[in-house]
Amino acid sequence: MQVHVSTFWTPKRGGTQREYEDAFWVGPDGTGAGDLQLDALTVAIADGASESLLARRWAQRLVTSFGTMPDATTGAAGFLAAYRTAAMGWDDEISAYLAERRARDSPIQWYEQPGLAKGAHSTVTALQFWGGQKDERARWAAAGLGDSCLFQVRDEGMLVSFPIADTAEFSYQPSLLPSRETEEDVVRRHICLRTGEWMAGDTFYLATDALAAWFLRSAAEDGRPWEPLRDLDTVDADSDFPDWVEERRDRLEMHDDDTTLIRIDAIRED
Amino acid sequence: MYSTEISRSNPTCFVFLIDQSASMQDNIGSGEGQRKCDVVADSLNRLLSELCIKCAKEEGVRNYFYVAVIGYGSNVGPALAGRLAGRELVPLSEIASTPARLEARVRKISDGAGGLADVEVKFPVWVDPIASGGTPMSQALTRAQSIVSAWLDEHPTCFPPVVLNLSDGESTDGDPTAAATALRELASTDGSTLLFNLHVSSDASPAVSFADGDDALPNQHAKLLFGFSSPLPEHMRTYAQQQGYKVSDRTRGFVFNSDLSSVVQFLDIGTRATDLR
């Protein structure tokens with residue numbers, strides 16, 4: 001299978017790059033981008049909650065775990081295993097952070113203690129592709145919890161919107177995976193799973209909530225939100241991603257939030 | 001309306017008005033011998049603490065809010081203690097880093113085996129209990145009006161300022177309704193200023209949280225404060241409901257001998273860190 005992968009991100013207005021709390025993973029090692037020729041590919045995206053401490057670290061742990069565990073997208077059991085793997089390392093993550101703070105002679109303040117005790121929260125959505133060689137069916141499987149979304153576009157139409165299909169479902173209270181491991185039955189109730197087929201020429205977009213909400217709203221108004229996203233980083237682009245996002249924030253079309261996009265073009269092999 | 005996200009690039013202001021009059025020396029009706037001035041100071045310190053914790057990130061507390069604490073009793077003026085004494089509008093990061101002191105308090109938490117265990121927690125204190133002089137509530141509301149008005153001149157598109165009045169309601173400088181109405185008429189592009197009231201009373205009537213009418217309120221002071229409290233905007237009613245409060249579209253930001261710190265959880269600064277249910 002041959003794909004072209006592009007990643008774009010920008011922090012919320014007034015935030016620095018260090019304060020950006022989304023995370024993404026493009027397999028096999030997390031840093032994949034550009035033209036990739038692979039038997040299978042996993043990509044993942046996560047959005048750490050604004051009200052959490054260490055949200056970016058937790059989002060990063062989630063995408064790493066979901067990006068490297070092959071069954072994470074194929075069923076609830078795989079999803080839960082990937083979650084457990086991420087959560088099991090959380091105490092070590094906290095210990096490392098506390099050691100960093102001690103080394104910087106920057107003790108934990110009273111207002112940080114409740115947040116550290118509570119743990120961090122994040123969405124996650126992961127997508128795996130495989131097949132497409134000769135007579136093999138080209139398949140994908142996605143798993144998500146929360147409001148980071150996947151869109152599949154074919155022939156100027158949206159085939160799939162996952163796990164959210166209606167802009168009314170976006171809120172300040174999406175389902176979030178907690179870094180303090182929680183009961184599996186509770187997590188299981190919130191897991192969304194989807195499978196599908198892909199073909200050369202399809203484009204997949206993974207987006208965190210601000211962009212995903214804009215995408216769905218635009219599509220609902222008979223727009224083609226994929227057009228400007230398809231042009232990003234090409235000679236047809238009017239602006240780079242941060243400027244493009246900023247313009248939409250200025251026009252109040254897009255919520256001011258950390259914003260991330262992964263675009264995967266399934267290449268036609270002419 | 002009331003939909004603008006509070007952010008560092010578009011912060012809002014929070015003005016606390018704290019009754020420090022002599023009548024605050026009396027005990028609260030529903031408490032175990034607690035003075036009203038102690039209850040009010042404790043409530044305010046807890047509110048400020050909740051606000052700082054909500055906005056805390058690794059690099060410090062973010063300035064989503066600018067906070068003024070105005071006391072009214074012998075005089076009307078800034079009421080923060082310690083190094084912030086005399087300051088009017090203070091960025092939240094400075095509030096967090098500069099409490100007058102940190103007291104050690106004991107909190108009961110689950111011991112994981114069905115029982116409770118005592119743990120020591122740090123409780124920041126910014127305001128001390130004071131009870132002296134009259135209750136110039138109208139003056140205090142007028143002072144809030146000038147703070148909010150100046151804020152709105154500089155931040156016309158912010159989430160509307162929130163003013164929280166903590167009092168026993170026994171105004172001694174006339175009916176404060178006109179001053180309260182003028183304050184509530186100040187507006188950003190996102191809506192009018194929200195004025196909420198925490199009424200602490202010596203009356204032993206049952207506590208009321210987020211009242212939606214004044215029929216059940218026990219005295220004219222409670223009815224007066226309820227009368228000029230802002231209705232809760234729709235999204236705040238939803239959050240109140242999620243926290244177990246009974247609300248209707250007539251519910252106002254008014255509590256009687258009850259806790260008002262949940263108001264902090266009604267404010268949106270981004271994705272909430274809530275556990276799955």
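Predicted model: local features only at pLDDT ≥ 70, side-chain atom pairs only at ≥ 80, totals over all residues.

Reply: The secondary structure of chain B consists of six helices and 14 strands, and its C-alpha trace extends over about 55 × 45 × 40 Å along the principal axes. A compact globule of 277 residues would have a radius of gyration near 19 Å, and the 18 Å of chain B therefore agrees with that expectation.

Two packed helices are described by the angle between their axes and the distance between the axes. For helix H3 (residues 137–154) of chain B and helix H4 (residues 177–185) of chain B, the angle is about 15° and the axes lie 8 Å apart. Because an angle under 35 degrees counts as roughly parallel, H3(B) is described as roughly parallel to H4(B). The crossing of these two helices, H3(B) and H4(B), is left-handed. On the H3(B) side the contact is formed by Ser138(B), Leu141(B), Thr142(B), Ala144(B), Gln145(B) and Val148(B), which meet Ala179(B), Ala180(B), Ala182(B) and Leu183(B) in H4(B). Sorted by class, the residues where H3(B) and H4(B) meet comprise seven nonpolar and three polar ones, with no charged residue.

If residues up to four places away in sequence are left out, Pro160(B) still touches Tyr2(B), Ala187(B), Ser188(B), Asp190(B), Gly191(B), Ser192(B), Thr193(B) and Leu194(B). Pro160(B) can also be placed relative to Leu267(B), for although 107 residues separate the two in sequence, their C-alpha atoms are 11 Å apart in space.

Tyr245(B) sits in the loop between helix H6 (234–242) and strand S14 (254–256) of chain B. With 16 C-beta neighbours inside 10 Å, Tyr245(B) is labelled partly exposed, because that label covers counts between those for exposed, 12 or fewer, and those for buried, 20 or more. Once neighbours within four places in sequence are set aside, the contacts of Tyr245(B) are Ser209(B), Phe210(B) and Ala240(B). Gly191(B), which was named above as a contact of Pro160(B), is 54 residues from Tyr245(B) in sequence and 24 Å from it in space, C-alpha to C-alpha.

Chain B also meets chain A, and here 25 residues of chain B are in contact with 28 residues of chain A. On the chain B side, helix H1 (36–54), strand S2 (56–57) and strand S8 (116–125) each contribute at least two residues, and H1(B) gives the most, with three residues. The chain B residues that touch chain A fall into 10 nonpolar, five polar and 10 charged.

Chain A contains eight helices and 12 strands. The radius of gyration of chain A is 18 Å, close to the 18 Å from the globule rule for 270 residues, so chain A is as compact as a globular protein of that length. Its C-alpha trace spans about 60 × 40 × 35 Å along the principal axes, and 43% of the 270 residues in chain A are buried. Of the contacts in chain A between residues at least 6 apart in sequence, 72% join residues at least 24 apart.

Chain A has a helix pair that can be read in those terms as well. The axes of helix H1 (residues 55–68) of chain A and helix H2 (residues 76–88) of chain A come within 9 Å and cross at roughly 135°, which makes H1(A) oblique to H2(A). This crossing of H1(A) and H2(A) is right-handed. The contact brings Arg61(A), Leu62(A), Ser65(A) and Phe66(A) of H1(A) together with Ala82(A), Thr85(A) and Ala86(A) of H2(A), and by class these residues are four nonpolar, two polar and one charged.

Key. Residues numbered from 1 in each chain as written. Chains lettered and ligands numbered in written order. Axes fitted to C-alpha atoms, helices over the stretch in contact; angles between N-to-C directions. Helix = DSSP H or I, 4+ residues; strand = E, 2+ residues; numbered from the N terminus. Parallel < 35°, antiparallel > 145°, perpendicular 65-115°, else oblique. Left-handed = near helix turned anticlockwise from the far one by under 90°. Contact = placed C-beta atoms within 7 Å. Nonpolar A, V, L, I, M, F, W, Y, C, P; charged D, E, K, R; others polar. Rg over C-alpha atoms; globule rule 2.2 N^0.38 Å.
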